[in-house]
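The following exercises guide a reader through one protein structure.

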Amino acid sequence: LACAVRRAGASEQAEVYRDACLAHIPPPGWDVEEDGEWSAPEGFSAPAACGTQLTDESFRQLCAPHLPPPDWDDEEDGEFQPPPDLPLPTCIVLFVPHLLDTGATGRMELLGALFKAAQKVPKHPFTFMWSEAGAQPQFEAALDISMYPKLALYSPRHEVGVTMAQALTPDNIDAFFLKASLSRLGGLKAVAFGALNNVEAWDGAEAAPETCEDPTYDDVELDGPL
């Protein structure tokens, strides 16, 4: 069982992320009985720079709209024809550790780093997404991802990708995005994978730790006297 890392208090980066991207969910410690029903700010819509959790549905919608829907049947529906001249974005995916390893605040800090960097490149056709470690094993394997956090780029048009080799620091993320926007990233390789998983959306809460039942020895038979 992974040992959870807990932060004493949310960093400024985590707070900025929560305020900008998770304002539609109750803050930590909100008690309906004491505080009343939670209501999100009127007209709230999370900015694209917040990043969308990676699922098969969100991937097809935001990253690869040229792919047919999962339930598309060529025999019944005919050959799928995406709209002509369909613009395909460059997909930036941040793979974060399991929630038990970082805690909610640690995850928000990582997503906050992506959010801060993403705000600096609003004019480039990037789509920002994130995924928890192990949630999309085929995609991770295709990108040779085995350690987290890890930032990756995937081009659905050319079906190639690359990961950022450096540590996840603001300067390194900015440099990675700059090279990507100028098409100067090296190390691109072919990336092939099957359908992604539709995982449960993260609600900003802490992970529920795994529980283990105490072992029983009712069925154990001992030979000889104790």
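How many aromatic pairs does the count come to?

**Solution.** The model is predicted: local features need pLDDT of at least 70, and side-chain atom pairs count only at pLDDT 80 or more, whereas totals for chains, interfaces and linings use all residues. Residues are numbered from 1 along each chain as its sequence is written, and side-chain values use heavy atoms, with hydrogens and water left out. Rings of Phe, Tyr and Trp (its six-membered ring) pair if their centres lie within 6.5 Å; planes under 30 degrees apart count as stacked, over 60 as edge-to-face and the rest as tilted. By this rule, the count comes to 13 aromatic pairs. One of them joins tryptophan 30 and tryptophan 38 edge-to-face, at 5.0 Å centre to centre and with 80 degrees between the planes.

**Exercise 1.** Determine how phenylalanine 59 and phenylalanine 193 are arranged, and which parts of the chain their pair ties together.

**Solution.** Step 1: the geometry. Phenylalanine 59 and phenylalanine 193 form an edge-to-face pair, 5.7 Å centre to centre with 70 degrees between the planes.

Step 1: the location. Helices (H or I, at least four residues) and strands (E, at least two) are DSSP runs, numbered from the N terminus. Phenylalanine 59 lies in helix α3 (residues 56-63) and phenylalanine 193 in the segment after β6 (189-190), so the pair ties together parts that are 134 residues apart in sequence.

Step 2: the exposure. Buried means under 20% relative accessible area, exposed over 50%, and partly exposed in between (1.4 Å probe, protein chains only). Phenylalanine 59 is buried at 5%, while phenylalanine 193 is partly exposed at 22%.

Step 3: the surroundings. Phe59 and Phe193 belong to one aromatic cluster with Phe95, Phe139 and Tyr154.

**Exercise 2.** State how many helices and strands the protein has, and in what order the strands form the sheet.

**Solution.** Step 1: the elements. The protein has seven helices and six strands, and along the sequence they follow the pattern α-α-β-α-α-β-α-β-α-β-β-α-β.

Step 1: the sheet. Two strands pair if DSSP finds at least two bridges between them. Six strands form an open sheet with mixed pairing, in the order β1-β3-β2-β4-β5-β6. Its edge strands, β1 (52-53) and β6, each pair on one side only.

**Exercise 3.** Describe the surroundings of strand β2 (residues 90-96): are its residues buried or exposed, and with which strands does it pair?

**Solution.** Step 1: burial. Seven of the seven residues of β2 are buried. Both faces are covered, with Thr90, Ile92, Leu94 and Val96 on one side and Cys91, Val93 and Phe95 on the other.

Step 1: the parallel neighbour. β2 pairs with strand β3 (residues 126-132) in the parallel sense over seven bridges; threonine 90 has phenylalanine 126 of β3 as its bridge partner. The chain passes from β2 through helix α5 (residues 99-118) to β3 in a right-handed β-α-β crossover. A crossover is right-handed if, with the strands pointing away from the viewer, the path from the first strand over the helix to the second runs clockwise.

Step 2: the antiparallel neighbour. β2 and strand β4 (residues 150-155) pair in the antiparallel sense over five bridges. In β4, alanine 152 stands opposite valine 93, and leucine 151 is the bridge partner of leucine 94.
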